[in-house]
Amino acid sequence: MTLKSFVEVQPDSHFPIQNLPYGVFRPESGSTARPGVAIGDYVLDLSVITRAGLFDGLILKGSDCFLQPNLNKFLAMGRPAWKEARATLQKLLAASEPTLRDNATLRQKALVPVEKVEMLLPAVIGDYTDFFASMHHAKNCGLIFRGPQNPINPNWFHLPIAYHGRASSIVISGTDIIRPRGQGHPTANSGPYFGPSLKLDFELEMAAIVGPGNELGRPVDVNEAADHIFGLVLMNDWSARDIQAWEYVPLGPFLGKSFGTTISPWIVTLDALEQFACDAGKQDPPPLPYLAEKTSKNYDISLEVEIKPAGNEDSCVVTRSNFKHLYWTVTQQLAHHTINGCNLRPGDLLGTGTISGPEPDSYGCLLELTWNGQKPLSLNGTARKFLEDGDEVIFTGFCKGDGFLVGFGKCSGKIVPSPR
């Protein structure tokens, strides 16, 4: 029998009782931030549930983890606490359970309409690492910049490549992105270009939210890495391609990436995604022993990108991709991150890198979709090589269950002009 909630949930909602993603919100009244879970068109206030004494399991009874202004304390408690919380919440929200359903006063306090809340970053993100885990994206970038002789560097097939990003500029969905200024390649006989980026791009990514960390000097075993990942969010790693191309030799991304990274407000847990797990596919050559998983899996998450041009009422779908296209799994990414003894902490963000599929309409950024501006896209009659001021980029992602969706909601941002 399909589990149903007493809260009405539309068939196309991303947030049925099978999902229950976690976020942090502030009610319309402007009071303090607090954790919640999404159910249909409502946010269940976990601070209310805590104060009512309804988290009564062995681990969470008496805990103040949901009385915090972020999820970090809950993240640090690990999988046993996460499973207990999920079981408690699914029971409380079930159509057959009267505890919350039949208590009108408690129900009114605990269930807040989503249109009356402000969503905030779900965790304090101390560190952010971005990987380069899609083979199709790596190949396309290589073809664009190096040609067909050697599109993917040999080391890429032996380890998950990554760079250390800037945690301070991670923002929640709906935040405007200011067009960055910086240097670009010299033109003709002049020196380097300086000014607003002329090649502003989106990157379709997802990111893992770290739960319990690891001690400095003690790597995480790849077969235990899933216990250190709370869940996934949508992520747009905005990129200034002209700034990036000029600066990345010899040390890699810097100002071309650090001006803004947008994430979706809801963290979908690995427990909710487990029923959508799929084979990650063969890795050739076989990875070194510390990256060899007993069971190597991805998740069947459909991903879509829309661009709403400035002045247009309608948006245009430019990409349809899938999380399952990743070559390196999120568990391999986490294990590799720690193999040198690097210590991860609760709330750390691990981006997947751009998720491109094998077909042109599944490429995960404008760099690939327009082949570095050589093949402009048509957006409802408006041409785009790269993003223009006023353009809004909207990511969505979901898994399709038997009569329900498990989704991430939206991850959006609008480009605003660089200040003079």
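Visitor: What makes Arg179 and Asp389 a salt bridge?

Guide: Keep in mind that this is a predicted model. The closest N and O atoms of Arg179 and Asp389 are 2.7 Å apart. The label asks for a side-chain nitrogen of Lys or Arg within 4 Å of a carboxyl oxygen of Asp or Glu, so the pair qualifies. In general, side chains of opposite charge can pair when their charged atoms come close.

Visitor: How do you know whether Arg179 is buried or exposed?

Guide: Its relative accessibility is 8%. Buried means under 20%, so Arg179 counts as buried. Asp389 has a relative accessible area of 34%, and because that falls between 20% and 50%, Asp389 is partly exposed.

Visitor: How many salt bridges does the whole structure have?

Guide: A search finds 18. One of them joins Glu203 and Arg241, at 3.2 Å from N to O. Glu203 lies in the loop between strand 12 and strand 13 and Arg241 in helix 7, so this pair ties together parts that are 38 residues apart in sequence. Both Glu203 and Arg241 are buried.

Visitor: What makes Glu203 and Lys257 a salt bridge?

Guide: Their side chains meet at 2.2 Å, N to O, and the limit is 4 Å, so the pair passes. Lys257 is in the loop between helix 7 and strand 16, 54 residues from Glu203. Glu203 and Lys257 are both buried.

Visitor: Let us turn to the domains. Where are they, and how far apart are their C-alpha centres?

Guide: Domain 1 covers 22-120 and domain 2 covers 128-416. Their C-alpha centres lie 30 Å apart.

Visitor: How do you know that domain 1 and domain 2 are in contact?

Guide: Contact means heavy atoms within 4.5 Å, and 18 residues of domain 1 are in contact with 18 residues of domain 2. The area buried between the two domains is about 1,500 Å², and carbon and sulfur atoms give 65% of it. On the domain 1 side, Tyr22, Leu75 and Arg79 lose the most area, together 39% of what that side buries. Three salt bridges are found across this interface.

Visitor: Why is helix 3 called mostly covered?

Guide: Eleven of its 15 residues are buried; among them are Arg79, Trp82, Leu89 and Leu93. Helix 3 runs over residues 79-93 and reaches 21 Å from its first C-alpha to its last, close to the 21 Å expected.

Visitor: Which members of the largest nonpolar core touch the most other members?

Guide: They are Phe202, Met206, Leu232, Leu273, Ile301 and Phe323, out of 58 residues in that core. A second, separate core of 46 residues includes Leu44, Val48, Phe74 and Leu100. In soluble globular proteins, nonpolar side chains tend to be buried together. Leaving aside neighbours within four places in sequence, the contacts of Phe323 include Met206, Leu232, Ile301 and Val330.

Visitor: What is the omega of the cis peptide bond that joins Val249 and Pro250?

Guide: Omega is about 10 degrees there, and Pro250 is in the loop between helix 7 and strand 16. The bond from Asp284 to Pro285 is also cis, with omega near 5 degrees. Pro285 is found in the loop between strand 18 and strand 19.

Visitor: What is the phi of Asn372, and where does Asn372 lie?

Guide: Asn372 has a positive phi of about 60 degrees although it is not a glycine. Most residues other than glycine have a negative phi. Asn372 lies in the loop between helix 10 and strand 23. Asn380 also has a positive phi, of about 50 degrees, and lies in the loop between strand 23 and strand 24.

Technical notes:
Residues numbered from 1 in each chain as written. Predicted model: local features only at pLDDT ≥ 70, side-chain atom pairs only at ≥ 80, totals over all residues. Heavy atoms only, no water. Helix = DSSP H or I, 4+ residues; strand = E, 2+ residues; numbered from the N terminus. Expected span 1.5 Å × (residues − 1). Buried < 20%, exposed > 50% of the residue type's maximum accessible area, 1.4 Å probe, protein only. Core = buried A, V, L, I, M, F, W, Y, C linked by side-chain atoms within 4.5 Å. Domains from an automatic or database assignment. Buried area = accessible area lost by both parts, 1.4 Å probe.
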